[in-house]
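Please keep the sequence and the model in view while going through the numbered points.

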Amino acid sequence: MAEIPENERRILVAVDEGEESMYALSWCLKNLAFQNSKDTLILLYVKPPSTVYSAFDGTGYMFSSEIAASMEKYSQQVADSVIEKAKRLCNNIQNVETKVGHGDPRDVICEMTQKLGADILVMGSHGYGIIKRAFLGSVSNHCAQNAKCPVLIVKKPKSTAGGGDI
């Protein structure tokens, strides 16, 4: 882990294709003070592991190297697009770093908080109910339990029908 000056904060925000992560980033930019020019905002996108099929998995399908290369190219385009969208939101922040990880997002995010010396991890919540969370797992819940820094989970408010405040 790199030596970090004492008065510098390193704020890691996990971003993905969902509007929940962009909402969390926007919330972070509005509610966490960035007056200190030594603060660093780190945008992290994690590319999920590639799905690999073998002749032994019962499907009988194997991908050619061209298809695998095409899938990797698409995955990189998605990562670039998400990072670019996030960077546009951060146009008034001086120190913005971007990182792209590869693997299970739960593990990569937790590893990167430690590797990058994050003082806080900010992430969105998809707001899955108990059933979906049981089947799909919760990245934010896993990170809240396993990251080596404080974790701030920002839940996007549900929009109300008719647009009025309740």
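**Note on the predicted model**

1. Helix α3 (residues 105-115) packs against helix α5 (residues 139-146) at an angle of about 35 degrees, and their axes lie 9 Å apart. The crossing of α3 past α5 is right-handed. On the α3 side, the contact is made by Pro 105, Arg 106, Asp 107, Ile 109 and Cys 110, while α5 contributes Val 139, His 142, Cys 143 and Asn 146. Please bear in mind throughout that this is a predicted model.

2. The overall plan of the chain. The protein chain contains five helices and five strands. Followed along the sequence, these elements give the pattern β-α-β-α-β-α-β-α-α-β. Of the 166 residues in the chain, 34% are buried. Contacts between residues at least 6 apart in sequence may also be examined: 77% of them join residues at least 24 apart.

3. The sheet. In what order do the strands of the open sheet stand? The order is β3-β2-β1-β4-β5, and the pairing is parallel. The edges are formed by β3 and β5, each of which has a single partner strand, so one side of each is left without a neighbour in the sheet. From one strand to the next, the twist averages 25 degrees.

4. Helices on the sheet. Helix α3 lies across β1, β2, β3 and β4, and runs at about 155 degrees to β2. Helix α5 packs on the sheet as well, where it touches β4 and β5; the direction of α5 makes about 160 degrees with that of β4.

5. Is strand β1 (residues 10-15) largely enclosed or largely open? Six of its six residues are buried, so β1 is largely enclosed by the rest of the structure. The cut-off applied here is a relative accessible area under 20%. Arg 10, Leu 12 and Ala 14 point one way from the strand, whereas Ile 11, Val 13 and Val 15 point the other way; all of these residues are buried.

6. The partners of β1. Strand β1 pairs in the parallel sense with β2 (residues 40-47) over six bridges. One of the residues concerned is Val 15, whose bridge partner in β2 is Tyr 45. Strand β1 also pairs in the parallel sense with β4 (residues 120-125), here over three bridges. Within that pairing, Leu 12 has Leu 121 of β4 as its bridge partner, and Val 13 stands opposite Val 122.

7. The structure holds seven salt bridges.

8. Glu 97 is partly exposed, with a relative accessible area of 28%.

9. A further link across the sequence. The side chains of Lys 156 and Glu 19 meet in a salt bridge of 3.0 Å, N to O. Lys 156 belongs to the segment after β5 (151-155) and Glu 19 to helix α1, so this pair ties together parts that are 137 residues apart in sequence. Lys 156 is partly exposed, its relative accessible area being 31%.

10. A buried residue in a loop. Where does Asp 39 lie? Asp 39 is found in the loop between α1 (19-31) and β2. With a relative accessible area of 4%, Asp 39 is buried. The side chain of Asp 39 makes a polar contact with the side chain of Arg 9, at 2.8 Å.

Notes. Residues numbered from 1 in each chain as written. Predicted model: local features only at pLDDT ≥ 70, side-chain atom pairs only at ≥ 80, totals over all residues. Heavy atoms only, no water. Buried < 20%, exposed > 50% of the residue type's maximum accessible area, 1.4 Å probe, protein only. Helix = DSSP H or I, 4+ residues; strand = E, 2+ residues; numbered from the N terminus. Pairing = 2+ DSSP bridges. Polar contact = N/O pair within 3.5 Å; in protein donor to acceptor, adjacent residues only side chain to side chain. Salt bridge = Lys/Arg side-chain N within 4 Å of Asp/Glu carboxyl O. Axes fitted to C-alpha atoms, helices over the stretch in contact; angles between N-to-C directions. Left-handed = near helix turned anticlockwise from the far one by under 90°. Contact = heavy atoms within 4.5 Å.
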